[in-house]
Amino acid sequence: MSPCLQRGPDMARIAVEIDIDEEFLADARAALGTESDEETLKAAVVDAAKRLRRQEFFDAIDSGKIDLTHDARNDPGQGRSAA
């Protein structure tokens, strides 16, 4: 099991029976580098969630909610001793 798929204290254990196209599952397995169906589905869910979070971050930058133009290194007295 890959490190990002290890079970942690904040993970839920759910059992679900789903119908899924075997070709899509095989393609997902190849794309994600997984071996089992369970590992593939877990990796796909993690990948989709991370993609959504990245997009939300980029959207926040685009909307101005996050400003990346400020450089704290240029603030006087912030973490630097006066020489």
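Tutor: What follows goes through the salt bridges and then their surroundings. The model is a predicted one. Its chain has 2 helices and 0 strands, and the structure holds 5 salt bridges.

Start with Arg13 and Glu38, which form a salt bridge whose closest N and O atoms are 3.7 Å apart. Arg13 lies in the segment before H1 and Glu38 in helix H2 (residues 37–63), so this pair ties together parts that are 25 residues apart in sequence. Arg13 is exposed, at a relative accessible area of 60%, while Glu38 is partly exposed, at 43%. The pair also belongs to a network of salt bridges that links Arg13, Glu38 and Lys42.

Another of the bridges joins the side chains of Arg51 and Asp47, with 2.8 Å from N to O. Both residues lie in helix H2, 4 residues apart, or about one turn of the helix. Arg51 is partly exposed, with a relative accessible area of 47%, and Asp47 is partly exposed as well, with 32%.

Arg73 and Asp71 form a further salt bridge, and their closest N and O atoms are 2.8 Å apart. Arg73 counts as exposed because its relative accessibility is 60%, over the 50% cut-off. Asp71, at 28% relative accessibility, counts as partly exposed.

Ile14 is found in the segment before helix H1 (22–32) and is exposed, with a relative accessible area of 65%. Together with Val16, Ile18, Ile20 and Leu41, Ile14 forms a nonpolar surface patch with about 460 Å² of accessible area.

H1 is hardly covered, as the count of buried residues among its 11 residues is 1. After H1 comes Gly33, with a positive phi near 70 degrees.

Back in the rest of the chain, the structure holds 1 aromatic pair. This pair is Phe57 with Phe58, tilted, at 6.0 Å centre to centre and 55 degrees between the planes. Phe57 is partly exposed, at a relative accessible area of 39%, and Phe58 is partly exposed, at 44%.

For the chain as a whole, buried residues make up 8% of the 83 residues. The chain exposes about 7500 Å², of which carbon and sulfur atoms supply 52%. Among contacts between residues at least 6 apart in sequence, 27% join residues at least 24 apart.

Definitions and conventions: Residues are numbered from 1 along each chain as its sequence is written. This is a predicted model: local features need pLDDT of at least 70, side-chain atom pairs count only at pLDDT 80 or more; totals for chains, interfaces and linings use all residues. Side-chain values use heavy atoms; hydrogens and water are left out. Buried means under 20% relative accessible area, exposed over 50%, partly exposed in between (1.4 Å probe, protein chains only). Contact means heavy atoms within 4.5 Å. Accessible areas come from the Shrake-Rupley method with a 1.4 Å probe; for residues, only the protein chains shown count as cover. Patches are made of residues with over 30% relative accessible area and no salt bridge: like charges are joined within 9 Å, nonpolar side chains (Val, Leu, Ile, Met, Phe, Trp, Tyr) within 5 Å. A salt bridge is a side-chain nitrogen of Lys or Arg within 4 Å of a carboxyl oxygen of Asp or Glu. Rings of Phe, Tyr and Trp (its six-membered ring) pair if their centres lie within 6.5 Å; planes under 30 degrees apart count as stacked, over 60 as edge-to-face and the rest as tilted.
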